[in-house]
Amino acid sequence: MVALDYKLKNNGVPILSNAEIKNHVEEILNNYNSDLLKTPQPIDVEAFTEDYLGLNIHFDNLSHKGIILGRMVFDNRKIPVFNKENRCAEYAPVRANTVLLDNTLLANENVLRSTIMHECGHSIYHAEFYKSSNIGVVECNVFQVTSNKSRFDNDFEFMEHHAKYFSAAILMNRAAMKILCDKDIFQGIAKCFSPKIANDYLAELVAKRFGVSMESARIRLQQLNLNCT
């Protein structure tokens, strides 16, 4: 894993802008597999997580109704899971440096990929905080992984934003997005038909090429100002 340069608060929480995370992603991908920056394609999230970051991936029933999508476990500990047979919560031992994923994600590849990269973002940026504070694990629910919240009131919300933005930035990296979303081509479609049609086609193209949801593709296009006008 390439060393990243960023500042920390006294409590270990990173001070990060979206622009810094974008730059970090390009440093990471250039070190991991530079072809991902040159050719628009889906990143192999399992290989990146296990082979590059050295993390474990494990699936379990993290909650009764699938509200909890993932946990990043930083140290050896017992984690609450839901036993479907007995219909009750119990504690299961989990190794340090494990991305723990809910079984419901196996039925939704796009959300699975997003959640894995979200937890990797926590691993990259927040290990110092969660280890030094003895909390040891971060729990991510559906809202935290899929929301587009833009206002943050505390350190935990900022850290969730770091992880969410990292996930989008590495699944749809800026360099490959600019190659795929050639504005001249799509501006032509916008002039012939409408910007909405061009942007719908753009979002569909991004979703299929990078293995993400249409909603994630639309948000990322807006973030990078790649929509047609």
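Leaving aside neighbours within four places in sequence, S167 is in contact (heavy atoms within 4.5 Å) with S114, M117 and H118. S167 lies in helix α6, residues 155-171. Helices here are DSSP runs of H or I of at least four residues, strands are runs of E of at least two, and both are numbered from the N terminus. S167 counts as buried because its relative accessibility is 3%. Buried means under 20% relative accessible area, exposed means over 50%, and partly exposed falls in between, with a 1.4 Å probe and protein chains only. The model is predicted: local features need pLDDT of at least 70, side-chain atom pairs count only at pLDDT 80 or more, and totals for chains, interfaces and linings use all residues. Residues are numbered from 1 along each chain as its sequence is written, and side-chain values use heavy atoms, with hydrogens and water left out.

V25 belongs to helix α1, residues 18-32. V25 is buried, with a relative accessible area of 1%. Neighbours within four places aside, V25 is in contact with F166, A169, I170 and N173. E204 is 179 residues from V25 in sequence, and their C-alpha atoms are 23 Å apart.

Helix α4 covers residues 109-132, 24 residues in number. At 1.5 Å a residue, this helix should span 34 Å, and its end C-alpha atoms are 33 Å apart, which agrees. The expected span is 1.5 Å times one less than the number of residues. A kink of about 80 degrees in α4 is centred on H126. The bend at a residue is the angle between axes fitted to the seven residues ending there and the seven starting there. Of the 24 residues of α4, 18 are buried. N134 follows α4 and has a positive phi, near 65 degrees.

Four strands form an open sheet of mixed pairing, in the order β3-β7-β4-β8. β3 (56-60) and β8 (137-141) stand at the edges, each with a single partner strand, so one side of each has no neighbour in the sheet. Neighbouring strands are turned by 20 degrees against each other on average, direction ignored. Strands pair if DSSP finds at least two bridges between them. Five bridges join β4 (residues 68-73) to β8, and the two run antiparallel. I68 has N141 of β8 as its bridge partner. α4 packs on this sheet, touching β3, β4, β7 (98-102) and β8. The direction of α4 makes about 35 degrees with that of β4. Axes are lines fitted to C-alpha atoms, for helices over the stretch in contact, and angles run from 0 to 180 degrees between N-to-C directions.

The largest nonpolar core holds 57 residues, of which F48, F166, M177 and V206 touch the most other members. α4 gives the most to this core, with nine residues. A nonpolar core is a set of buried Ala, Val, Leu, Ile, Met, Phe, Trp, Tyr and Cys residues joined through side-chain atoms within 4.5 Å. Beyond four places in sequence, M177 is in contact with M172, V206, F210, R220, L221, L224 and L226.

Strands β5 (residues 77-83) and β6 (residues 88-94) run antiparallel, joined by seven bridges. F82 has A89 of β6 as its bridge partner. The hairpin of β5 and β6 has four residues between the strands, and R87 takes a positive phi near 55 degrees there.
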